[in-house]
Amino acid sequence: MNPLEQRLAAVKSRLLAAELAAGRRAGDARLVAVSKTHPAETLAAAYRLGQRHFGENYLQEALDKQARLGHCDITWHFIGPIQSNKTRPIAQHFHWVHSVDRLKIAQRLSEQRPAYLPPLNVCLQVNVSGEDSKSGVSPGEAAELAAAVAALPRLRLRGLMAIPAPCDDPHQQRRPFAQLRTLLQPLQASLGLDTLSMGMTDDLEAAVQEGATLVRIGTAIFGRRDYGKDGGDAAGGQALR
Ligand SMILES: *Cc1c(COP(=O)(O)O)cnc(C)c1O
């Protein structure tokens, strides 16, 4: 096995072990491979190993890779901060957007979602306690935003997403994830939401324990990211470690 194959297999077995430890079914939490900073060839290699969902943070970088991987049956997730002047290509080229945190962005995505595509799947990013960045709607405003976004015609609101601050203690890691789960519960019933996008390389187990349905894993699959000469720019994003 090559290193990528080994790491992908190791992440899958971590995920499976976490699902079973939480009393959940195998496959309950979908693996999104976060491929920011990694070249299209690396994504193609993961694709050949069966990976189909990829997460990207930087629009132009993602569009370049999509152009090169156009023949692949990939589900693309946009997980980075969204500038309002960049919503059109996001609405055109992604299947999911996890980082919606204000109504204006959601309205633009809905207006700009092409009619020939199915509605865009979106999650609201919530600034749960210990959130690392300033992005995200506050927990107190999440329900109101969810109701407004759910009413937009070209979006399909699926759930909530969070990026808690890094924390080494597995028990502490569960708190913000539990908070997100609690926030989802009433919306699950009223708006039919089904997605908790939470869990990264260092807190996958805690997230699955608290009900993650979609984990976003980068480093454990692709190795450490090298921001290289453009590091200053790229590191301006959120939750880069
Ligand atoms: C980079 C990133 C990830 C992946 O983080 P790792 O710690 O490398 O697994 C997940 N979610 C978001 C929003 C990211 O920006």
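Helices (H or I, at least four residues) and strands (E, at least two) are DSSP runs, numbered from the N terminus. I'm writing that down before anything else, since I'll be using those numbers throughout these notes.

**Ground rules**

I'm looking at a predicted model, where local features need pLDDT of at least 70 and side-chain atom pairs count only at pLDDT 80 or more, while totals for chains, interfaces and linings use all residues. Residues are numbered from 1 along each chain as its sequence is written, and side-chain values use heavy atoms, with hydrogens and water left out.

**Entry 1: Leu-193**

I started with Leu-193, which sits in the loop between helix 7 and strand 7 (195-197). Is Leu-193 buried or exposed? Its relative accessible area is 3%, so I put it down as buried. For me, buried means under 20% relative accessible area, exposed means over 50%, and partly exposed is in between (1.4 Å probe, protein chains only). I also looked up how far Leu-193 is from Leu-59: their C-alpha atoms are 26 Å apart in space, and the two residues are 134 apart in sequence.

**Entry 2: Gln-173**

Next I went to helix 7 itself (residues 170-191), where I found Gln-173. Gln-173 has 9% relative accessibility, so it counts as buried. What does its side chain meet? A polar atom of the Gln-173 side chain lies 2.6 Å from the backbone oxygen of Cys-167. I checked the rule for a polar contact: a pair of N or O atoms within 3.5 Å; within protein, one must be able to donate a hydrogen and the other to accept it, and residues adjacent in sequence count only if both atoms are side-chain atoms.

**Entry 3: the ligand**

Then I turned to the ligand. Which residues come nearest to it? Of the 14 residues around the ligand, the nearest are Lys-36, Asn-57, Thr-201, Gly-218 and Thr-219. Here a residue is near if one of its heavy atoms lies within 4 Å of the molecule. I sorted the shell and got 6 nonpolar, 5 polar and 3 charged residues. In that sorting, Ala, Val, Leu, Ile, Met, Phe, Trp, Tyr, Cys and Pro are nonpolar, Asp, Glu, Lys and Arg are charged, and the others, Gly among them, are polar.

One oxygen-to-side-chain distance is 2.5 Å, to an N or O atom of Thr-201. For Asn-57, a side-chain N or O atom is 2.7 Å from a ligand oxygen. With Gly-218 it is a polar backbone atom, 2.8 Å from an oxygen of the ligand. Taken alone the ligand exposes 390 Å², and the protein buries 99% of that. Those areas come from the Shrake-Rupley method with a 1.4 Å probe; for residues, only the protein chains shown count as cover.

**Entry 4: salt bridges**

How many salt bridges are there? I get 10, taking a salt bridge as a side-chain nitrogen of Lys or Arg within 4 Å of a carboxyl oxygen of Asp or Glu.

I picked out the one between Arg-14 and Glu-205, at 2.8 Å from N to O. Arg-14 belongs to helix 1 (residues 3-21) and Glu-205 to helix 8 (residues 204-209), so this pair ties together parts that are 191 residues apart in sequence. Arg-14 is partly exposed at 26% relative accessible area, and Glu-205 is partly exposed at 35%.

I followed Asp-28 next. Its side chain meets that of Arg-24 at 3.5 Å, N to O, and that of Arg-25 at 4.0 Å, N to O. Arg-24 is buried at 17%, Asp-28 is partly exposed at 28%, and Arg-25 is exposed at 65%. Through shared partners, salt bridges join Arg-24, Arg-25 and Asp-28 into one network.

**Entry 5: Arg-216**

Arg-216 is in strand 8 (residues 214-217). I did find the backbone oxygen of Ser-197 at 2.9 Å from a polar atom of the Arg-216 side chain.

**Entry 6: Thr-37**

Last, I looked at the loop between strand 1 (30-34) and helix 2 (40-48), where Thr-37 is found. Thr-37 is not a glycine, yet its phi is positive, about 75 degrees. Most residues other than glycine have a negative phi. At 24% relative accessibility, I count Thr-37 as partly exposed.
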